[in-house]
Amino acid sequence: MSRPQYHVAIIGAGLGGLAAAIGISRAGHKVTIIEQAAVLGEIGAGIQIPPNSSRILKRWGLLPKVEEVSVRPREFVLRSYRDGAVLSKQNMVPYAVEKYGVPYLHVHRADYHKILVDEAQRSGVQIQLGSTVTSIDFEKPSVFIRDKPEFEVDIVIGADGLKSRCREKLLGKPDPPKLTGDLAYRIVVSREDMLKHENLVDLAENPAINYWMGPEAHAVCYLLKGGGLYNIVLICPDNLPEMVNTAKADVREMNEFFAKWDPRLRTLLSIVKETSKWRLQNSEEMKTWSHPSGKFALMGDACHATLPYLAQGAAMAVEDGAVLGALMEKIEHRSQLKDVLVIYERLRKERTTRVVKRSTALRETFHLPDGERQAERDRQLLEEEPFEDYPNRWADPVFQPFLFAYDAHAEVEQAWEVYKKGAFPGTYGQFRANL
Ligand SMILES: Cc1cc2nc3c(=O)[nH]c(=O)nc-3n(C[C@H](O)[C@H](O)[C@H](O)COP(=O)(O)OP(=O)(O)OC[C@H]3O[C@@H](n4cnc5c(N)ncnc54)[C@H](O)[C@@H]3O)c2cc1C
């Protein structure tokens, strides 16, 4: 049976928008990405690709390309801030492949983004750069782009990130991102510079994800680019001036904050020449991600921006894209377009909300001040076998498979079976009532 083809506009060429574009164009539809930036790219830092995301890359045949520019961390290591003492470990090599069938990866964002852009373009996706979306007609649907003609399509997907214009249009009111109280220093140093210091050789040579947990702050470090670069993220209380979300930072101020931390981390920070601060913001759970017209839905940070403490924000956006693509592959008739967006939200909202809430909760676990609760956290990590809600979330026997075993395509297969049997009520109104 020949399947209908629709034209989908995706607003935003971030990792999420690109994933949706790949998924939807693989399903045989026409896709146009509308991106405000004049040049495509990502910021110069690392990103973790967990198995729930590498499974999607594998399905799309992109895993070998991503692996070529990635590092496979051997383990998660949780450390005390004072002396770097190891409190807990979770193996990833060979564990991730043995248990989940796909690896855990670290990659430079620019490399990851480029692989997705190349794949999107190879599969026929049009990317319109320098195009800022100012408004959306949800009924037609169409997109209004500054200084350009109105753009009419069959479906619009809002993938425009944390400060989403699309979200505000859907809500019909301003909805600025929410402060979380934390900021991140994002830093990349060279392995060469690390090897000049004897106490950094181990960090530079052993691929691991190292976390240091301390009062009000934590540090996350891992290797990138075949081990040639070391990615450092330092989280601490937000002291950026109001309305400033990113700024060049004072290296001395950064070093002072961590002055009482593990000497090895201090040596590492002593080689940092420049850095910037990023305010960490998120968004509140929305009642719904889609418009009653059934022709518009949000995805990625635009509807579930999270603190990055579980390293799952982009992974969630890529999952959204894969689910949208797999659903669009199932469509047999125009009347199902509405249902597809409802099933999409049904499949995605609960999971992403859980991840956002767990990421927020991890802030408290990581940032405990010295005292009884911190001592109990450390005792559990050192002495107890992992249990549900264990402080090392990557070792949590319930939460780890919830995160890593998720198979976006299998979820769609199951949901479509249920839909075809009529177990999801057949009309859009009934669908929404059940959300
Ligand atoms: C410090 C830090 C570390 C992180 N680490 C990880 C990690 O290890 N693993 C992980 O999975 N996630 C991580 N994340 C989260 C991840 O970066 C985000 O969740 C992800 O990049 C969101 O992708 P997106 O495509 O939804 O949005 P974005 O990447 O924000 O993309 C939105 C796009 O829309 C465009 N746009 C915006 N407005 C308009 C408009 N009006 N018109 C047209 N275009 C527009 C923007 O230019 C942009 O290209 C981290 C985040 C931070 C802050």
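Is the crossing of H13 and H16 left-handed or right-handed? I looked this up and found a right-handed crossing of H13 and H16. The rule I used calls a crossing left-handed if the near helix is turned anticlockwise from the far one by less than a right angle, and right-handed if clockwise.

**Ground rules**

I am working on a predicted model, where local features need pLDDT of at least 70 and side-chain atom pairs count only at pLDDT 80 or more, while totals for chains, interfaces and linings use all residues. I number residues from 1 along each chain as its sequence is written, and side-chain values use heavy atoms, with hydrogens and water left out.

**Helix packing**

I described two packed helices by the angle between their axes and the distance between the axes. Helices (H or I, at least four residues) and strands (E, at least two) are DSSP runs, numbered from the N terminus. Axes are lines fitted to C-alpha atoms, for helices over the stretch in contact, and angles run from 0 to 180 degrees between N-to-C directions. Angles under 35 degrees count as roughly parallel, over 145 as roughly antiparallel, 65 to 115 as roughly perpendicular and the rest as oblique.

I started with helix H13 (residues 336–366) and helix H16 (residues 408–420), which pack at about 130° with axes 11 Å apart. H13 and H16 are therefore oblique to each other.

I then took H12 and H13, whose axes cross at roughly 155° and come within 10 Å. That makes H12 roughly antiparallel to H13. H12 passes H13 in a right-handed crossing.

**Ligand site**

The ligand is surrounded by 29 residues, and the closest are Gly 16, Glu 35, Gln 48, Arg 109 and Asp 301. By class, this shell holds 12 nonpolar, 12 polar and 5 charged residues. Here Ala, Val, Leu, Ile, Met, Phe, Trp, Tyr, Cys and Pro count as nonpolar, Asp, Glu, Lys and Arg as charged, and the others, Gly among them, as polar.

I looked up polar contacts next (pairs of N or O atoms within 3.5 Å). A polar side-chain atom of Glu 35 is 2.6 Å from a ligand oxygen atom. A polar backbone atom of Leu 15 lies 3.4 Å from an oxygen atom of the ligand. At Ala 311, a backbone N or O atom is 3.2 Å from a ligand nitrogen atom. The protein covers 85% of the 1,000 Å² of accessible area that the ligand has on its own, by the Shrake-Rupley method with a 1.4 Å probe. Helix H1 (15–26), strand E3 (46–49) and helix H12 (313–330) are the elements that give two or more residues to the shell.

I noted a cis peptide bond from Val 93 to Pro 94, with omega near 15°. Pro 94 is in the loop between strand E6 (86–91) and helix H4 (95–100).

The bond from Lys 140 to Pro 141 is also cis, with omega near -5°.

Terms used: A residue is near a molecule or strand if one of its heavy atoms lies within 4 Å of it. A polar contact is a pair of N or O atoms within 3.5 Å; within protein, one must be able to donate a hydrogen and the other to accept it, and residues adjacent in sequence count only if both atoms are side-chain atoms.
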